[in-house]
Amino acid sequence: MFKIKDKTFDVVIIGSGGAGGAAASAAVQQGANVLVVSKDPLICSDSKISEGIVTVRNVGENKDSESNLSTNMRVEGSDIGDPQLVQAFAKDSKKAYKWLEKWGLKANRSHNNDNKRSHAELGGHNRPRSIIHPNGGLDYGHSVWQALLQNENAISLLEDAWCLEVITDEQGKTNTKQVIGCLIYHAVSGEIWRIKAPSVVLACGGLSTLYFPNTDTMRGNTGDGYAMAARLGCELVDMEQVQFIPFALVGPKSFEGLVVGEPASAGPLGVLRDRNGNILMKGIMRRNRAEVAAAMAQAIAQGKGTDKGGCYLDLTRNVEGPSGAMFYRLFSTVGHAFVKNIRAAQGVKASLLQEPWEVKPCAHYCMGGIRVNEQGEAISQRDIKGLLAAGQVLGGLHGGNRLGSTSLAENVIFGLRAGNQAAWIANTQTIDHKVWQQKTHAALRQYTSLLGAKYPSSASELTIQLQKVAWEYLGPTRTGDKIKQGIKKVAVLKQKLQRVKISNNTIWNQSFIDYVELCNLITCAELIGLSALKRPLSAGAHVRSDKPALLSKVFDCLPYSLSIKIDKPTASLSSTSVWNTTKIKREHTPLMSALAHKTKKQVGVLSLALLYGVPQQRLTQILSKIYRKKAKEMGVVLPDEQTISENIPEQIQSYSLRLVEKLPQTHDSVSFRFVKNNTRAFSFKPGQFGNFTFVIRGKAITRSYSFSASPNQKDFIEITVKREPGGLVSNWMIDHLAVGDTVEMKGPLGTFTLPPHGAPLPPKKLLLIGAGSGITPLISMAKWIVDQQFETNVILIYSMRTRNDCIFRQTLYDLASKYSNLRVCINYTRENNIPININDENDIALGRLSMTLLKRWVPDLTRRHVYMCGPNLFMQQIQDKLQHLGLAKRKLHLEHFSKALDMDAFSDIGQFNIHFTRSNIKAESIPAKSILDVAEQHGMDVSFSCRSGTCGECKTRKLSGDIRMLCDDGLTSAEKQNNYILTCTALPLSDCKLEM
């Protein structure tokens with residue numbers, strides 16, 4: 001049996017987040033004796049894990065009036081919000097922020113003379129009014145924590161405690177109820193606290209755990225406030241309006257649901273794409289969360305989503321061109337948490353915005369909640385005196401969509417109002433002690449009777465079932481049939497509540513806690529389902545994918561809120577409930593105000609869409625101006641583009657290089673040593689290459705060359721070129737490129753790198769196999785390992801025709817003598833005898849590299865990672881031998897300098913139309929010719945290098961059509977999923993559109 005403890009307070013606050021903290025502080029200032037009850041440690045709420053951005057009117061522009069903010073919120077909420085609550089928010093936002101500042105909240109400041117607080121214009125807002133803080137939600141949470149602790153003598157704090165029920169008493173014949181207390185389970189002590197109090201403020205957060213794991217919120221959001229108020233007979237409004245924030249991670253499991261962006265963070269050129277790479281939405285940064293989530297949800301429902309139930313957020317064009325580095329600085333400074341999560345979940349290239357992100361809508365916030373007046377008092381056909389709400393559990397403020405950054409302001413605005421009003425009520429009400437004892441004893445009996453129940457099902461198992469039902473039937477997109485099915489399935493789960501096993505323990509009885517929270521979640525699921533069923537048309541965050549009836553289109557088009565209320569209030573957690581829904585008419589926002597807001601927004605969306613057709617030079621000018629304005633508002637130091645780009649790691653960039661030395665290696669190979677013409681830092685991984693552009697006979701020609709120096713060498717960039725018979729570039733470089741000449745280079749590029757698979761260190765054992773000029777990326781790897789002094793055992797096998805063809809001969813032996821763990825083995829394919837003066841004849845062999853030789857030189861082959869580069873035939877032959885010897889595929893890493901492509905095999909296919917959308921050129925394909933060939937024939941300036949599908953320089957996105965690539969080695973797996981193609985190896989098999 002539970003231990004019972006009786007306590008008396010003036011005001012009880014359920015929840016210790018931003019709303020609860022503000023309410024407690026306000027009540028104390030009115031002289032009230034306050035108890036704060038929290039499931040979790042103090043302030044460990046959604047407020048603390050948020051981005052810490054707060055809406056404050058007038059922070060960015062003096063023209064940001066109360067009327068403007070109010071209009072903004074109402075229009076973006078589909079006019080569903082309560083105008084009186086919205087007006088209260090607009091009126092108090094500045095006052096609320098001053099309260100936060102009083103308790104220590106400090107914003108970032110601009111670095112200009114005005115020293116303004118850093119602020120931004122988030123998606124859906126029509127003014128830059130969202131204040132940014134250096135440590136996000138931690139700063140916000142700490143200020144609320146300070147407010148509570150500074151009043152610790154007047155505030156009692158009870159952590160690890162669950163409010164089970166609010167107790168009320170009938171007020172004679174007045175058709176009203178009066179709060180007289182509540183029941184609290186204190187898990188640590190195993191006690192039930194019977195609280196006598198005339199005022200209770202529900203500030204216990206949302207209900208998004210109903211959708212776990214498809215949520216970014218705290219585990220404690222189990223809808224307790226909604227459910228307790230509903231069972232008392234309170235009206236709840238807009239419960240169908242659950243906000244699914246659009247950009248949450250699809251996986252892996254430990255990251256699923258984490259938010260990685262707001263619509264505003266998509267930047268001017270960010271777009272949404274479906275699984276096939278087709279654009280679903282442009283102009284994202286000017287739209288609100290509901291609009292973006294709806295577009296994604298509809299696409300997923302239509303089968304256009306990814307295998308993981310998401311879409312692609314493509315930000316890659318934002319980082320293209322000279323202004324790209326400026327955008328990345330802004331994005332990574334303000335959204336550093338987003339970048340960190342993306343890097344961990346989807347890799348380095350995604351974190352650098354070089355690959356689209358796979359994201360999905362996830363439950364973030366419930367706009368619905370307890371119907372209240374401007375002071376936070378619960379209002380209904382039958383008022384309950386002394387019951388108040390603040391924070392997310394309050395309904396009617398946001399309507400169909402919550403604008404980013406409004407929640408943290410709302411917490412304080414309505415927390416302060418509810419706390420003041422609760423203290424006033426407590427000062428004017430008395431409680432009949434005898435009635436209080438009777439009521440609390442009856443309520444307590446229900447909970448004590450639950451202990452020791454021995455049934456097969458557990459509440460935690462049923463909770464998982466409920467979460468799956470909620471996501472499938474009451475999730476981001478809904479139909480009438482699905483909602484009805486969901487309601488039936490919830491009813492079945494509710495029946496099972498009567499046969500759930502619960503431990504007999506009293507101290508931290510997790511099965512008891514799970515049961516109580518499951519009851520609350522089931523009530524919330526009922527409220528959402530029944531409300532959703534009564535709204536046949538899409539509105540705000542409520543997305544219906546079925547076709548509504550004609551009458552619904554006619555009579556359901558005016559704005560309204562849906563109120564839902566239990567027919568007969570009950571204290572029972574598991575009894576069957578009958579719910580009644582009614583419409584609350586809402587007034588349209590004044591026509592001229594709404595029209596002005598919508599026009600400005602649509603102009604913004606259209607302007608962003610038009611940027612896609614602007615030439616790069618002009619686009620850079622436009623974007624640079626935008627970014628510098630944003631940087632000033634947000635307090636981000638944004639120096640010149642060159643300095644910014646130095647700090648972007650591993651970013652592909654363009655460099656101007658000057659040749660300072662030519663170093664002959666053999667009779668037909670030369671190393672070219674370059675220095676940069678500017679101070680921009682350059683770093684690469686061993687094995688990577690650059691795309692070098694040379695002007696030969698007045699024409700720019702690009703070729704890919706591996707870096708042959710160690711990445712540790714910062715003073716110069718070095719490549720080594722072997723003369724190819726008839727080769728235009730290699731012969732020109734060796735014969736004509738002179739010291740002092742300048743070339744352009746883009747890089748670094750390539751995935752043939754150490755360490756493999758993104759590991760922090762190279763493998764313990766490594767085999768490098770090269771033939772001819774294929775030694776160049778391998779020599780970079782060997783130099784790097786020696787420079788870093790890794791404890792890696794390396795065998796390097798170098799195959800060539802004769803001793804005169806040995807590139808880096810002296811370098812190889814110098815490395816082997818310097819580093820005892822490096823062994824160099826050489827085989828000559830056209831020598832008659834082993835050269836004299838060889839230190840170890842066992843490391844020299846004549847003839848081709850055979851399986852026998854591989855076994856002799858590398859007896860532990862299967863324990864090594866193998867990196868191989870050389871001519872195609874050599875590569876294929878050795879690859880077959882390695883596989884025959886048992887080398888695992890994941891340990892084999894290949895670099896092809898070029899591949900032979902048989903285009904003639906496709907000479908009999910027909911001709912198709914190709915639309916190059918960026919250039920607005922329409923052309924016909926040519927049998928046995930690549931798309932790159934067609935583009936060149938039409939005078940398009942297309943970047944390319946290898947023409948064999950290995951370097952990736954010519955990649956572009958396919959928007960539609962069927963295309964066959966003969967080689968796609970130059971694409972990453974993410975690029976392939978996102979419909980990128982290599983034009984040099986691509987042949988159209990139907991009419992197609994390409995983004996080039």
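Let's start at threonine 479, which sits in the loop between helix H13 (459-473) and helix H14 (480-496); helices here are DSSP runs of H or I with at least four residues, numbered from the N terminus. Keep in mind that this is a predicted model, where local features need pLDDT of at least 70, side-chain atom pairs count only at pLDDT 80 or more, and totals for chains, interfaces and linings use all residues. Residues are numbered from 1 along each chain as its sequence is written, and side-chain values use heavy atoms, with hydrogens and water left out.

Threonine 479 has 17% relative accessibility, so it counts as buried (under 20% relative accessible area, with a 1.4 Å probe and protein chains only). A polar atom of its side chain lies 3.1 Å from the backbone nitrogen of lysine 482. Beyond its neighbours within four places in sequence, threonine 479 touches Arg544, Ser545 and Asp546, where contact means heavy atoms within 4.5 Å.

Now hop over to a pair of helices. H1 (residues 18-29) and H11 (residues 406-428) pack at about 40 degrees, with axes 7 Å apart; the axes are lines fitted to C-alpha atoms over the stretch in contact, and angles run from 0 to 180 degrees between N-to-C directions. Among the residues that meet are Ala22 and Ala26 from H1, and Gly415 and Gly419 from H11.

What about disulfides, meaning cysteine sulfur pairs within 2.5 Å? The whole structure has zero. Cysteine 519, for one, has its nearest cysteine sulfur, that of cysteine 524, 11 Å away. Cysteine 519 is buried too, at 1% relative accessible area.

Methods
A disulfide is a pair of cysteine sulfur atoms within 2.5 Å. Buried means under 20% relative accessible area, exposed over 50%, partly exposed in between (1.4 Å probe, protein chains only). Helices (H or I, at least four residues) and strands (E, at least two) are DSSP runs, numbered from the N terminus. A polar contact is a pair of N or O atoms within 3.5 Å; within protein, one must be able to donate a hydrogen and the other to accept it, and residues adjacent in sequence count only if both atoms are side-chain atoms.
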